[in-house]
Amino acid sequence: MSGHKHQETIELKVLRVASPDVIGQTKPLSVAKPFCFSNAKGDLKKVDTYAEIRKIAAESAANFKANIKS
Amino acid sequence: MSFKILYQEGTDVAANIYSVAAYVDSFAEQLGLTQLTLDPGGFTSAVAALKMPDFPHRDGLEKASPFKKAAHFFVWFVASKPIIDPLPSDVIPQDLAAVPNHQNSIFAYHMAIDCLHKAELHKNGQVVMLENKIKVSKHFFCDFVETFSSVVPAHHFKAVSLLFEQLAYKANPSAPYPEVI
C-alpha cells in the first residue's frame with residue numbers, strides 16, 4: 001500500500017441513512033475516519049482534501065440550479 | 001499531496017465512500033435541500049463497484065481510460081439507486097422530476113463529469129490533461145438523465161464511456177486521437 005496516513009473530518013450536513021428496520025425513519029450518516037491517499041499518477045481528477053471535493057460539488061450544484069430551470 | 005476522488009487505492013471500500021458521501025452531501029446542500037435520504041445497501045453497492053476485480057476492461061482498472069472509469073462509476077451508481085428521495089419540482093423542471101430515478105442520474109452525472117475535469121490521459125507516452133470541463137445544453141442534459149435513469153451496467157457501460165469521451169473531446173479539442181475514419 002503506497003501513500004501517507006491523513007486524518008480529516010468530513011462534516012455531512014444533509015445526508016441521512018434510511019434505517020433498514022424502521023420504515024420512514026432516518027439517522028445521521030457519519031464518515032469521520034482516517035483514510036490513506038495514493039501516489040498513483042494518471043487518472044481521474046485528484047484533490048488534496050475532502051473539503052476540496054465539497055467545494056467542487058457545491059460549484060457544480062450552483063451552476064446546475066442556476067441553469068436547469070432557466 | 002493529492003488523492004484520487006474515485007478509485008482510491010490501498011485501503012478498502014470505505015475510502016471511496018467518504019469521497020462520494022462528501023460530494024453528494026455538498027451538492028444537495030447547495031441545491032437547498034435540508035435532508036437527503038440514502039439507502040445504505042444501494043450506497044454501499046454503488047461504491048463497492050469501484051473495487052470490482054472484474055472491471056470491464058481487458059487490461060483491468062489500472063489501464064482503463066478515465067472515460068471508462070467515470071462511466072463505470074456512473075452506471076453502477078445509477079443502477080444501485082443509493083439516493084431514495086427524488087429532487088423536488090422547485091429545484092428541477094416538472095418533466096425531469098417525472099423521470100423515475102432522476103436523482104441518482106443527476107448526482108452521478110455531475111460527479112462523473114467533475115472527476116473528468118482535469119483528468120489525465122496517457123497517450124503515446126504523453127500525459128494530456130482535460131483542462132476544460134464538459135458542458136452540455138439543458139435539453140441534452142434532460143435527455144441524458146431520462147435515457148440513463150434506468151441504466152443496466154453491463155449493457156450501457158460502453159455507450160456511456162463513449163459518450164463521456166466524445167463530450168470531453170468536444171470540450172478539449174486538442175485531446176483526441178486523430179479523427180480519420
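Where in chain B is the place of Lys118(B)?

**Figure 1. Lys118(B) in the loop between H5 and strand S3 of chain B.** In this close-up of the predicted model, Lys118(B) is found in the loop that links H5 to strand S3 (120-123) of chain B. Although Lys118(B) is not a glycine, its phi is positive, at about 70 degrees. Lys118(B) has 15 C-beta neighbours inside 10 Å and therefore counts as partly exposed, since that class lies between the limits of 12 or fewer for exposed and 20 or more for buried.

**Figure 2. Asn101(B) in the loop between helices H4 and H5 of chain B.** Asn101(B) occupies the loop between helix H4 (94-97) and helix H5 (102-116). A positive phi of about 70 degrees is found for Asn101(B), which is not a glycine. Because 17 other C-beta atoms lie within 10 Å, Asn101(B) is classed as partly exposed.

**Figure 3. The hairpin formed by S3(B) and S4(B).** Strand S3(B) pairs with strand S4 (residues 126-129) of chain B in the antiparallel sense, over four bridges. Within this pairing, Lys123(B) stands opposite Gln126(B) of S4(B). Two residues separate the strands of the hairpin, and Asn124(B), in the turn, has a positive phi of about 50 degrees. In a regular strand, side chains alternate between the two faces of the sheet.

**Figure 4. Val160(B) and its contacts in chain B.** Val160(B) belongs to helix H7 (residues 153-171) of chain B. When residues up to four places away in sequence are not counted, Val160(B) touches Ala71(B), Phe74(B), Val75(B) and Phe148(B). Ala79(B) lies 81 residues from Val160(B) in sequence, and their C-alpha atoms are 13 Å apart in space.

Figure 5. The secondary structure of chain B consists of seven helices and four strands, and its elements follow the order β-α-β-α-α-α-α-β-β-α-α from the N terminus. The C-alpha trace spans about 45 × 40 × 35 Å along its principal axes. The radius of gyration of chain B is 16 Å, which agrees with the value near 16 Å for a compact globule with 181 residues. Of the 181 residues, 44% count as buried. Among contacts in chain B with a separation of 6 or more, 70% involve residues 24 or more positions apart.

Terms used: Residues numbered from 1 in each chain as written. Chains lettered and ligands numbered in written order. Predicted model: local features only at pLDDT ≥ 70, side-chain atom pairs only at ≥ 80, totals over all residues. Contact = placed C-beta atoms within 7 Å. Pairing = 2+ DSSP bridges. Rg over C-alpha atoms; globule rule 2.2 N^0.38 Å.
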